[in-house]
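Thanks for coming. I will take the domain contact and then a few salt bridges.

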Amino acid sequence: MRRHRNVKIVATLGPASSDYDTIRALFEAGADVFRLNMSHGVHDDIRSRHNIIRDIERDSGRPICILADLQGPKLRCGVFKDDSAEIEEGQKFRFDLDDKPGDATRVQLPHKEIFDALEPGGTLLVNDGKLRLRVDKCGKDYADCTVITGGTISNRKGVNVPDVVLPLAALSDKDRKDLEFVCELGVDWLALSFVQRAADVHEARELARGRAAILSKIEKPAAVEAFDSILEVSDGIMVARGDLGVECPVHAVPPIQKHLIRKCRAAAKPVIVATQMLESMIDSPMPTRAEVSDVATAIYEGTDAIMLSAESAAGSYPIEAVQTMNNVAIEVESDPNYREIIEASRSAKLSSTADAIVAAAREIADTTDIKAICCFSHSGSTALKVSRERPRVPIIALTPIQDTARRMVLSWGTHCVQTQKVERFKFAVVSAIRAAKASGFVDLDDQVVVMAGIPFNVPGSTNILRIAPCDERQIFGTEGD
């Protein structure tokens with residue numbers, strides 16, 4: 001099954017998409033990656049969905065990528081005597097550590113770390129930013145505030161602290177247990193929430209022990225400021241526009257999105273654009289025009305993947321939402337302007353033999369009648385470099401390692417195939433053209449570019465490129481390897 005687009009679609013699973021038939025329908029509609037949200041669902045539910053995905057993978061014969069999204073620490077206020085209270089613009093309001101039920105003048109904020117980091121003049125946001133308070137005075141166990149934007153504050157609403165780097169680890173105790181659980185299950189990517197600095201990524205990587213790639217969610221202003229260092233230690237990035245749009249001015253999010261996508265592409269690391277992409281399709285079979293434009297913008301910007309959250313996890317039209325994303329992607333990528341934008345934003349930095357070979361392969365494919373670029377990759381790094389080039393022809397990423405094949409699915413344009421190990425380049429070429437033919441990318445009279453490394457099965461050794469005919473008789477009629 002080949003996709004007729006390059007951008008990948010991530011679909012979150014949940015109550016609306018938890019059985020074999022629905023998940024299979026999502027896959028056939030265009031979902032390439034399935035997200036398991038560890039904020040919702042017990043481990044038995046997560047295990048069941050994971051097993052169903054692997055059954056579909058086996059039945060379809062195509063690698064499927066699974067992303068487990070860790071919840072991260074959740075900052076919430078305490079409870080109120082009457083479950084809620086009204087606070088008005090200009091009034092005073094206190095947060096403290098006292099666990100007595102709150103009222104219209106105060107409420108508990110059971111996070112000492114927040115008080116340790118707060119300074120006068122800082123901002124506290126409650127309930128996804130609907131309520132905004134300015135810190136006038138603070139100490140080790142309290143914060144006296146002035147209400148800037150009032151409204152109803154109720155039990156255990158989320159609290160955001162946009163102005164400071166909080167002395168909190170990105171992994172809670174729950175996250176550590178969830179991480180071990182999903183790594184034992186065999187997920188391919190771990191999405192790490194609440195990343196503020198590069199150091200936040202290290203603990204997750206140590207706990208994962210290579211069993212899953214690490215994807216950092218950028219959802220705080222501190223993460224945007226420290227993005228270069230976070231990107232360096234991450235395997236991929238998610239532009240998590242939900243919390244990012246709460247803690248940053250909403251008008252700042254689009255340029256941040258564009259900036260992060262460019263940085264990720266230059267680093268040859270996959271990036272997902274997420275949150276509210278087709279939000280209205282939770283309840284409607286049709287998206288709004290603005291939502292379609294939002295999805296299209298992310299694709300024009302060159303993102304590797306676009307993501308559905310509640311639309312596919314809890315909505316009434318999960319399959320239609322995937323179909324909509326698929327149709328928008330096909331339409332955008334057929335626009336001549338798309339190709340102009342993608343090529344204008346290509347990074348020309350070459351720092352290794354593999355970089356040069358990959359750039360040469362893309363140039364050959366773009367200027368001659370080549371039907372596909374086939375790359376053998378042990379670790380996946382060569383496929384990532386080819387994906388960074390955003391070639392005009394399909395990328396067929398071949399690897400003998402199942403985990404690598406699954407992880408590469410997230411990257412732009414990759415059609416991933418698990419192959420047998422090969423020891424000679426000639427047999428690598430044959431394996432590549434057979435995969436290209438089996439997937440419907442080429443005919444007998446076509447040619448492909450094949451890249452590999454000698455010696456084989458050594459990560460990071462890409463050093464050979466060949467233009468190969470798709471007629472095996474011509475390959476075996478040549479001398480040598």
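Between domain 1 and domain 3 there are 12 residue pairs in polar contact, both residues at pLDDT 80 or more. A polar contact is a pair of N or O atoms within 3.5 Å; within protein, one must be able to donate a hydrogen and the other to accept it, and residues adjacent in sequence count only if both atoms are side-chain atoms. Helices (H or I, at least four residues) and strands (E, at least two) are DSSP runs, numbered from the N terminus.

A word on conventions. This is a predicted model, where local features need pLDDT of at least 70, side-chain atom pairs count only at pLDDT 80 or more, and totals for chains, interfaces and linings use all residues. Residues are numbered from 1 along each chain as its sequence is written, and side-chain values use heavy atoms, with hydrogens and water left out.

The domain assignment, automatic or from a database, gives domain 1 as 8-72 + 169-335, domain 2 as 84-160 and domain 3 as 353-477.

How much area is buried between domain 1 and domain 3? About 1800 Å², with carbon and sulfur atoms giving 53%; buried area is the accessible area (1.4 Å probe) that two parts lose on being put together, summed over both. Lys8, Pro63 and Arg265 lose the most on the domain 1 side, together 31% of what that side buries.

Now salt bridges, meaning a side-chain nitrogen of Lys or Arg within 4 Å of a carboxyl oxygen of Asp or Glu. The total is 40, and 2 are between domain 1 and domain 3. Glutamate 57 and arginine 406 form a salt bridge at 2.6 Å, N to O.

Glutamate 180 and arginine 211 pair at 2.9 Å. Glutamate 180 is in helix 4 (residues 173-185) and arginine 211 in the loop between helix 5 (199-208) and strand 13, 31 residues apart. Are these two buried or partly exposed? Glutamate 180 is partly exposed at 30% relative accessibility, while arginine 211 is buried at 18%. Buried means under 20% relative accessible area, exposed over 50%, partly exposed in between (1.4 Å probe, protein chains only).

Last, arginine 473 and aspartate 471 meet at 2.9 Å, N to O; arginine 473 is exposed at 63%, whereas aspartate 471 is buried at 10%.
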